[in-house]
Amino acid sequence: MNIRKDSYKHQGRRTNLVHHLAASKISDERVLNAFAKIPRHLFLSKDFEERAYDDVALPIDENQTISQPFTVAFQTQALDIKPGEKVLEIGTGSGYQAAILATMGANVYSIERIEKLHLQAKKILMEFSPTVKLFLSDGTLGLANHAPFDKIIVTAAAPKLPDKLLEQLKPGGMAIIPIGDLKQQKMILIKKSVENIITQKELGNFRFVPLIGKDGWQ
Ligand code: SAM
């Protein structure tokens, strides 16, 4: 059990964040409901608890970040998550994005490459989203044993879409991934039609920590 509390103060700040997201082009009620439920401050160290409901990315251990709430909401909304869908996340980080997806009813598989973050996420997700399956490996290779996936979300900056992730996407599925250099990336929404035709759409500029791996940054 987490001894840190989800107080009325935190709940109030969370409600304000949800209103802010709703006013910033996040219109999917299922996404907003998940944000209202998951206590973001408990996925952060105590040092950043006061800022947990500001719409900003914040540091987690190992020089990594928990993404900005708007970015989490934006990627989640773009994927149009439906209950029961099998979703692969690359970059577990704090575990917050995985918890949002699981709260929306997705069957979540999430990969992290840094052991400390993987173990910390395991602990917090056991409490909030015990159905999430966590893996410690190079996410650029996906999870061949569990493929195919209805949806794939990459939460680190990639130089290109890793080939294995495209292979592991179901026909009719969607992937979202920030692609670019290390300073700035374009959010790319990829659709694979039932006839296996790939289409891509650019959804604006974002900034993530690098996706490091065999088919990412070396
Ligand atoms: N989704 C996370 C959350 O909700 O807190 C935020 C992710 S953080 C912006 C990016 C994460 O991707 C980092 O934890 C980093 O270690 C991880 N990462 C980078 N390259 C990776 C790879 N090849 N496989 C798995 N995880 C990777």
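Visitor: In which strand is Ser110 found?
Guide: This is a predicted model, in which local features need pLDDT of at least 70 and side-chain atom pairs count only at pLDDT 80 or more, while totals for chains, interfaces and linings use all residues. Residues are numbered from 1 along each chain as its sequence is written, and side-chain values use heavy atoms, with hydrogens and water left out. Helices (H or I, at least four residues) and strands (E, at least two) are DSSP runs, numbered from the N terminus. The strand that holds Ser110 covers residues 107-112 and is β4.

Visitor: Is Ser110 buried or exposed?
Guide: A residue is called buried under 20% relative accessible area, exposed over 50%, and partly exposed in between (1.4 Å probe, protein chains only). Contact means heavy atoms within 4.5 Å; leaving aside neighbours within four places in sequence, Ser110 has contacts that include Glu89, Thr92, Ala98 and Val132. The relative accessible area of Ser110 is 0%, so this residue is buried.

Visitor: Which residue does Ala106 approach to 6.4 Å, C-alpha to C-alpha?
Guide: Ala106 lies in the loop between α4 (96-103) and β4, and its relative accessible area of 5% makes it buried. Not counting residues up to four places away in sequence, Ala106 touches Ile81, Gly84, Glu85, Val87 and Leu101. At 6.4 Å in space and 19 residues apart in sequence, the residue asked for is Val87.

Visitor: What is the relative accessible area of Ser67?
Guide: Ser67 belongs to the loop between β2 (64-66) and α3 (69-79). Apart from residues up to four places away in sequence, Ser67 touches Arg40, Val56, Ala57, Val72 and Phe208. Ser67 counts as buried, because its relative accessible area is 17%.

Visitor: How many of the residues of α3 are buried?
Guide: The buried residues of α3 include Pro69, Phe70, Val72, Phe74 and Leu79. The helix is mostly covered, since of its 11 residues the number buried is 10.

Visitor: Which residue with a positive phi follows α3?
Guide: Most residues other than glycine have a negative phi, and most peptide bonds are trans. The residue that follows α3 has a phi near 50 degrees. This residue lies in the loop between α3 and β3 (86-90), and at a relative accessible area of 30% it is partly exposed. Its name is Asp80.

Visitor: What is the phi of Asn63?
Guide: Asn63 lies in the loop between β1 (58-60) and β2. Its relative accessibility is 74%, so Asn63 counts as exposed. Although Asn63 is not a glycine, its phi is positive, at about 65 degrees.

Visitor: Which residue is joined to Pro148 by a cis peptide bond?
Guide: Pro148 has its place in the loop between β5 (133-136) and β6 (149-154). The bond has an omega of about 5 degrees, and the partner of Pro148 is Ala147.

Visitor: Why is strand β8 described as largely enclosed?
Guide: Two strands pair if DSSP finds at least two bridges between them. Strand β8 pairs in the antiparallel sense with β7 (residues 169-180) over 7 bridges, and 7 bridges also join β8 to β9 (residues 198-206), again antiparallel. Strand β8 (residues 185-192) is largely enclosed by the rest of the structure because its buried residues number 6 of the 8.

Visitor: Which residue of β9 stands opposite Lys186?
Guide: On the β7 side, Lys186 of β8 is the bridge partner of Ile179, and a hairpin of 4 residues joins β7 to β8. Strands β8 and β9 also form a hairpin, with 5 residues between them, where Asn196 in the turn has a positive phi of about 70 degrees. Gln185 stands opposite Phe206 in β9. Opposite Lys186 stands Asn205.

Visitor: What radius of gyration does the protein chain have?
Guide: The protein chain contains 6 helices and 9 strands. The globule rule, 2.2 Å times the number of residues to the power 0.38, is compared with a radius of gyration taken over C-alpha atoms. For 218 residues the rule gives 17 Å, and the chain is as compact as a globular protein of that length because its radius of gyration is close to this, at 16 Å.

Visitor: What percentage of the residues of the protein chain count as buried?
Guide: Contacts between residues 24 or more positions apart make up 55% of those with a separation of 6 or more. The C-alpha trace spans about 50 × 35 × 35 Å along its principal axes. Of the 218 residues, the share that counts as buried is 50%.
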